[in-house]
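We'll start with the pockets, then go on to the overall fold and a few residues.

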Amino acid sequence: MFKLAENVDISQISLTGARGIILAGLLMMEPRTLSEIKQAFLDYNILDKSSSDDILRIDINTLKVMGCEISRASRKTDGKYVLTEHPFTFDIPEHELKILKKVYKALKSNATIELLFEYDELFKKLASYVINPETKEGLLGISIFKYFDINAVKEMLEDCQNKKVITLIYKKPNAKEATQKDVVAQKLVFNNDQIYLYCYDLNKKDSVMLNFKRIRKIISKRCLNKDDNIEKKQTKIKFHIKSFDKSLLKDTEKITEQNYEGYFIEGIYHNDFVAMQRVLSLGAKCTVLEPLEFRNMIIGKLKEMRKIYE
């Protein structure tokens, strides 16, 4: 907010508009008593010390005429004026909020963690302009980060960017006790409403993925050094897919050839498990071509699934 210079003679100018702007700002921040409003006006040098409280009440009524809804000061409000609605905000109808949720649900599955952070900030910004508490709660409840410690996710994202070696405690789904792991953080991925840490396990000497929520504790972090001997293990496969929307390609996939039935695609994945998840998600229209070992893994997995349903 602005403050008039001390040497300005406030009797020579009209300050009704200035007081209206300041008053709206004060009440947007929090409810205020008449004495608190007066003191703020005096601090900002927009009110004469000899002015009566009637001027303040006129300023409040001026805001009401402009479209603001301000509750009367009472015992229930501890003698404070409460701004319940004003024309400087907007609201989102329930049906539009539902559309926003559906759009986010469709987009989040293919979004990066960085993009999901941007969506989260957008929803928070929209919520800050909304007075309706139900709408505000609805906006803040859209983001996936309502289920996660967002600061911990941001910190892990930074660790991935710096390829930090992390000593952590991890609890597998069916394990009785949690175990300690030394991993090199590589990438955070959002998949099936979960955040996964793609990393290299220095003990197993293999690429693994950890469910972020199952990381119980971070013991220490350090920079990667030459003695860590990280082998770049990735799964590279080739497959053919029919009736495929090219916009659904992953960052690590590329089209190598096209025929009348569909596309030949090469994909590079964090490990065999991630590659298998991708192939199975594409369903019957996807046929793995190479390598033969991975093709046989898929065939074996499909046979296991068939037995379960039989």
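## Ground rules

Helices and strands here are DSSP runs (H or I of at least four residues for helices, E of at least two for strands), numbered from the N terminus. The model is predicted, so local features need pLDDT of at least 70 and side-chain atom pairs count only at pLDDT 80 or more, while totals for chains, interfaces and linings use all residues. Residues are numbered from 1 along each chain as its sequence is written, and side-chain values use heavy atoms, with hydrogens and water left out.

## The largest pocket

Pockets come from a 1 Å grid over the protein atoms alone: a pocket is an open set of points where a 1.4 Å probe fits, with protein on both sides within 12 Å along at least five of seven lines, and lining residues have an atom within 4 Å of a point. Points are joined across faces, edges and corners, and the volume is the space filled by probe spheres set on them.

The largest pocket holds about 1,400 Å³ of space. It has 42 lining residues, and Lys187, Val189, Tyr198, Lys250 and Val274 are the closest to its centre. Helix H5 (113-128), helix H7 (150-161), strand E4 (179-191), strand E10 (262-269) and helix H8 (272-282) each put at least two residues into the lining, with E4 giving the most, six. By class, the lining has 16 nonpolar, 14 polar and 12 charged residues (nonpolar is Ala, Val, Leu, Ile, Met, Phe, Trp, Tyr, Cys and Pro; charged is Asp, Glu, Lys and Arg; the others, Gly among them, are polar).

## The second largest pocket

The second largest pocket comes to about 270 Å³. Of its 15 lining residues, Val208, Met209, Leu210, Asn271 and Phe273 sit closest to the centre. Strands E5 (194-201) and E6 (206-211) are the elements that give two or more residues to this lining, and E6 gives the most, six. The lining splits into seven nonpolar, three polar and five charged residues.

## Overall fold

The chain has nine helices and 11 strands. Its radius of gyration is 30 Å, well over the 19 Å that the globule rule gives for 310 residues, so the chain is more spread out than a compact globule (the radius is taken over C-alpha atoms, and the rule is 2.2 Å times the number of residues to the power 0.38). Along its principal axes, the C-alpha trace spans about 90 × 50 × 40 Å. Of the 310 residues, 36% count as buried (buried is under 20% relative accessible area, exposed over 50%, partly exposed in between, with a 1.4 Å probe and protein chains only).

## Residues to click on

Phe212 lies in the loop between E6 and strand E7 (215-222) and is buried, at 11% relative accessible area. Beyond its neighbours within four places in sequence, Phe212 is in contact (heavy atoms within 4.5 Å) with Phe148, Ala152, Val153, Met156, Leu188, Ile195 and Tyr196.

Most residues other than glycine have a negative phi, and most peptide bonds are trans. Lys163, in the loop between H7 and strand E3 (165-170), has a positive phi of about 50 degrees. Lys205, in the loop between E5 and E6, has a positive phi of about 55 degrees. The peptide bond from Glu290 to Pro291 is cis, with omega near -10 degrees.
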